[in-house]
Structure formats: C-alpha cells, structure tokens
Amino acid sequence: MLFLNLNEAQAGPQKQPEGSDPASGAVLYAENCASCHGDNLQGEPNWRSQKEDGTLPAPPHDKTGHTWHHGDALLFSYTKLGGQAALEASGVSGFNSGMPGFAEVLNDQEIWDILAYIKSTWPDRMRETQQVRTQGEQMKGGS
C-alpha cells in the first residue's frame, strides 16, 4: 500500500484558491465527471451499495451526497490522485475506490474550477459546513 502525507500528496493549495471559476468548472465537469457522477451531479443509482468488485458507485455531488462533508484538501487530492491514493494518503486503508486520478487530464486550476462549480450548487448551510471542514484540515496540517 502507498502511504503519503496528505499535504505532500495533494501537491496544491489546501483550500479553494481565490478566482476559481465555477462557469469553467461546469464545462469541465460535463466533459470529465458527468459520465460517472451524472449531468446534474446526481451520482449513480444505489451509490451506497458496493458493486461486485467491491467499489461503490459514483456518489452524487449535489446536496444529497456527502461531498460537502469533506474539506478542500481531500476533495482536491481525491480528484487529482484518485480515490485509492487519496484515501491511503489520509490514513484510510482497506477501502477499494473506483475513482480514477485526473492528474494527467486536468491541471490544478481546472480541478479547483470543477470543485468551485460543485460547491456553487449547494445550499449556503452546506457550503458553510464544508468551509469549516476545510479549516479543520488546515489546522491539522499546520497550514
């Protein structure tokens, strides 16, 4: 298993950079994410039930999912490195993630733009909760 420090693994800012563009993110999401996570961020059916290979279906990124439960560093790392590497980097083992990494497809700003788009669809309270999670990550990481 590959174990990395999350701060080293994510190789980018630990929180959403100023100037991230949700409009560009919507286009990039449609091109790179919608095929699994849905055109309307709805995820795959039965996303909480494991598939035969042990992976979970792609979760929704809208308010019905759990994306907003995670801080920016984990969301960025998960997208850039892929689920397996990001989880292992944050100390989670024994979980089989089907999320591929997009480091070879998207640059860091494009990833942040996609995350800005996803966040822009959440109600205020969820965005506020997610910001608190991001602050918690930063405090743990010493940044």
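Predicted model: local features only at pLDDT ≥ 70, side-chain atom pairs only at ≥ 80, totals over all residues.
**Exercise 1. A threonine in the loop**

Task: Find out where Thr67 lies and which residues it touches.

Solution. Thr67 sits in the loop between helix H3 (34-37) and H4. Check its cover next: with 5% relative accessibility, Thr67 is buried. Then list its neighbours, leaving aside residues up to four places away in sequence: Thr67 touches Pro60, His61, Leu75 and Trp122. One of these, Leu75, is among the buried residues of H4.

**Exercise 2. The cover of helix H4**

Task: How many residues of helix H4 are buried, and what happens just after the helix?

Solution. Helix H4 spans residues 72-81, and eight of its ten residues are buried, so the helix is mostly covered. Going along H4, the buried residues are Asp72, Ala73, Leu74, Leu75, Phe76, Ser77, Thr79 and Lys80. Just after H4 comes Gly82, with a positive phi of about 100°.

**Exercise 3. How H2 packs on H6**

Task: Describe the packing of helix H2 and helix H6, and name the residues that meet.

Solution. Two packed helices are described by the angle between their axes and the distance between the axes. For H2 (residues 22-32) and H6 (residues 108-120), the angle is about 100° and the axes are 7 Å apart. Because of this angle, H2 is roughly perpendicular to H6.

Now take the contact residues. From H2 come Pro22, Ser24, Gly25, Ala26, Leu28 and Tyr29; they meet Glu110, Asp113, Ile114, Ala116, Tyr117, Ile118 and Ser120 of H6. Sorted by class, this contact holds eight nonpolar, three polar and two charged residues.

**Exercise 4. Aromatic pairs**

Task: Work out what geometry each of the two aromatic pairs has.

Solution. The pair of Tyr29 and Tyr117 has its centres 5.6 Å apart and an angle of 50° between the planes, which makes it tilted. It links distant parts of the chain, with Tyr29 in helix H2 and Tyr117 in helix H6, 88 residues apart. Tyr29 is buried, at 1% relative accessible area, and Tyr117 is buried as well, at 16% relative accessibility.

Continue with Phe76 and Trp112: their ring centres are 4.7 Å apart and their planes lie at 15°, so this pair is stacked. Phe76 belongs to helix H4 and Trp112 to helix H6, so the pair ties together parts 36 residues apart in sequence. Both Phe76 and Trp112 are buried.

**Exercise 5. The whole chain**

Task: Which elements make up the chain, and what share of its residues is buried?

Solution. Count the elements: there are seven helices and zero strands. Then take the cover: buried residues make up 43% of the 143 residues. The chain exposes about 8,000 Å², of which carbon and sulfur atoms supply 51%. Lastly, among contacts with a separation of 6 or more, 60% come from residues 24 or more positions apart.

Definitions and conventions
Residues numbered from 1 in each chain as written. Heavy atoms only, no water. Axes fitted to C-alpha atoms, helices over the stretch in contact; angles between N-to-C directions. Helix = DSSP H or I, 4+ residues; strand = E, 2+ residues; numbered from the N terminus. Parallel < 35°, antiparallel > 145°, perpendicular 65-115°, else oblique. Contact = heavy atoms within 4.5 Å. Nonpolar A, V, L, I, M, F, W, Y, C, P; charged D, E, K, R; others polar. Buried < 20%, exposed > 50% of the residue type's maximum accessible area, 1.4 Å probe, protein only. Areas by Shrake-Rupley, 256 points an atom, 1.4 Å probe, with all protein chains shown as cover. Phe/Tyr/Trp six-rings, centres within 6.5 Å; stacked < 30°, edge-to-face > 60°.
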